Amino acid sequence: MNVGDELPGLSVHVTREQLVRYAGASLDFNPIHWNERFATEVGLPNVIAHGMLTMALGGRVVTDWLGDPGRVVEYGVRFTRPVVVPDDDEGALVEFTAKVGEVRDDGTARIDVTAKFDGRTVLGKAQAVVRA
Amino acid sequence: MPLDPSFVGRTYPPETTYEVGRAKIAEFADAIGDDNPLYRDIEAAKGAGYADVIAPPTFLTIINIRAINAVAEDPDLGLDYDRMVHGDQKFVHHRPACAGDRLQVTVHIDDVFVRAGNDFLSVHADVATDGGQPVCTTYAQLVVRGERS
């Protein structure tokens, strides 16, 4: 593991169906994630993805690469922009990339994750610390 | 109404115990499209040194958000829950959560401040087994959008 190493990326079409599945799995039933009428009433352009779903998908880039997800000792993100999910079969395309940002003396490494939707980043300071 | 800064340092003890189930881990992994065998295959998990199947790194959101929302809904705090959004989230894992863990969440208010007309609430939560073994510490910042934003 060396600084600058790139992890295999991941592209996900986040659909309304996935939002419903994630709502049930995570027990987060906030209607902004499934009810277009409610979402637009509170000023959003449309239904948006759970920030925690986007975070989880970014985590997959790291755990797919590690093989053992138990090697993730820290994982944090800022939620900077919403992922707007249209009511169609294609959904919202979110593209994840990641690279090794730092290798530490204590046997851990920092992985920097980038998530892009519509050409712009949707997560800020998305970083995982993993046991190398 | 601005948040009351005297709430900094306040602790909210666990309200319930959550038992992590194999089926719930598999359901969560399915929902994020993750086919990692350590989330589903007990023998694979044991072979990797774990007591049972392990949970994905963000799985504890299930109990974390519920515990944070209980704080956010504390009427004494005076937070406008309908205008609240999640600003950031971090998980620090002391070990992976495993099926069979009986977990409790204790939430602490770390900071309360106003910036650019928005209220900010920073909390951390200790997730531990009912026997007191630390599993994860979560950190979150919640933002209550001001009336004009």
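Predicted model: local features only at pLDDT ≥ 70, side-chain atom pairs only at ≥ 80, totals over all residues.
**Close-up views of cavities, salt bridges and the chain interface**

**View 1. The largest cavity, lined from both chains.** The space inside amounts to about 60 Å³. Sort the lining by class and you get eight nonpolar residues, two polar ones and no charged ones. The structure holds two cavities of 30 Å³ or more, and the other one is up next.

View 2. From chain A, the lining takes in A:Ala56, A:Gly59, A:Arg60, A:Thr63 and A:Tyr75. Chain B puts in B:Ile32, B:Asp34, B:Tyr39, B:Pro56, B:Pro57 and B:Thr58. Helix H3 of chain A (residues 51-66) is the top contributor, giving four residues to the lining. The class count here is six nonpolar, three polar and two charged.

**View 3. A salt bridge between two helices of chain A.** A:Glu36 pairs up with A:Arg16, and their closest N and O atoms sit 3.1 Å apart. The two partners are 20 residues apart, with A:Glu36 in helix H2 (residues 36-41) and A:Arg16 in helix H1 (residues 16-26), so the bridge links distant parts of the chain. Which of the two is buried? A:Arg16 is, because its relative accessible area is 15%, under the 20% cut-off. A:Glu36 counts as partly exposed because its relative accessibility is 34%.

**View 4. A salt bridge between two strands of chain B.** Here B:Arg102 meets B:Glu19, with 3.5 Å between the closest N and O atoms. The pair spans 83 residues, tying B:Arg102 in strand S4 (residues 102-115) to B:Glu19 in strand S2 (residues 18-19). B:Arg102 is partly exposed at 38% relative accessible area, and B:Glu19 is partly exposed too, at 48%.

**View 5. A loop and a helix of chain B joined by a salt bridge.** The side chains of B:Asp52 and B:Arg22 come together at 2.8 Å, N to O. B:Asp52 belongs to the loop between helix H2 (42-47) and helix H3 (61-72), while B:Arg22 is in helix H1 (residues 22-31), 30 residues apart in the chain. Is B:Asp52 buried or exposed? Buried, because its relative accessibility is 10%. B:Arg22 is partly exposed, with 45% relative accessible area.

**View 6. A salt-bridge network in chain A.** A:Glu102, A:Arg104, A:Arg110 and A:Asp112 are joined into one network by salt bridges that share partners. Over all chains, the structure holds 11 salt bridges.

**View 7. Where chain B meets chain A.** How many residues are in contact across this interface? On the chain B side there are 29, touching 30 residues of chain A. Between them the two chains bury about 2300 Å², and 57% of that is on carbon and sulfur atoms. As for salt bridges, the count between the chains is one. B:Lys90 and A:Glu74 form it through their side chains, at 3.7 Å from N to O.

Note on methods: Residues numbered from 1 in each chain as written. Chains lettered and ligands numbered in written order. Heavy atoms only, no water. 1 Å grid on protein atoms, 1.4 Å probe; cavity = no way out; pocket = protein on both sides within 12 Å on 5 of 7 lines; lining within 4 Å. Points joined across faces, edges and corners; volume = space filled by probe spheres on them. Nonpolar A, V, L, I, M, F, W, Y, C, P; charged D, E, K, R; others polar. Salt bridge = Lys/Arg side-chain N within 4 Å of Asp/Glu carboxyl O. Buried < 20%, exposed > 50% of the residue type's maximum accessible area, 1.4 Å probe, protein only. Contact = heavy atoms within 4.5 Å. Buried area = accessible area lost by both parts, 1.4 Å probe.
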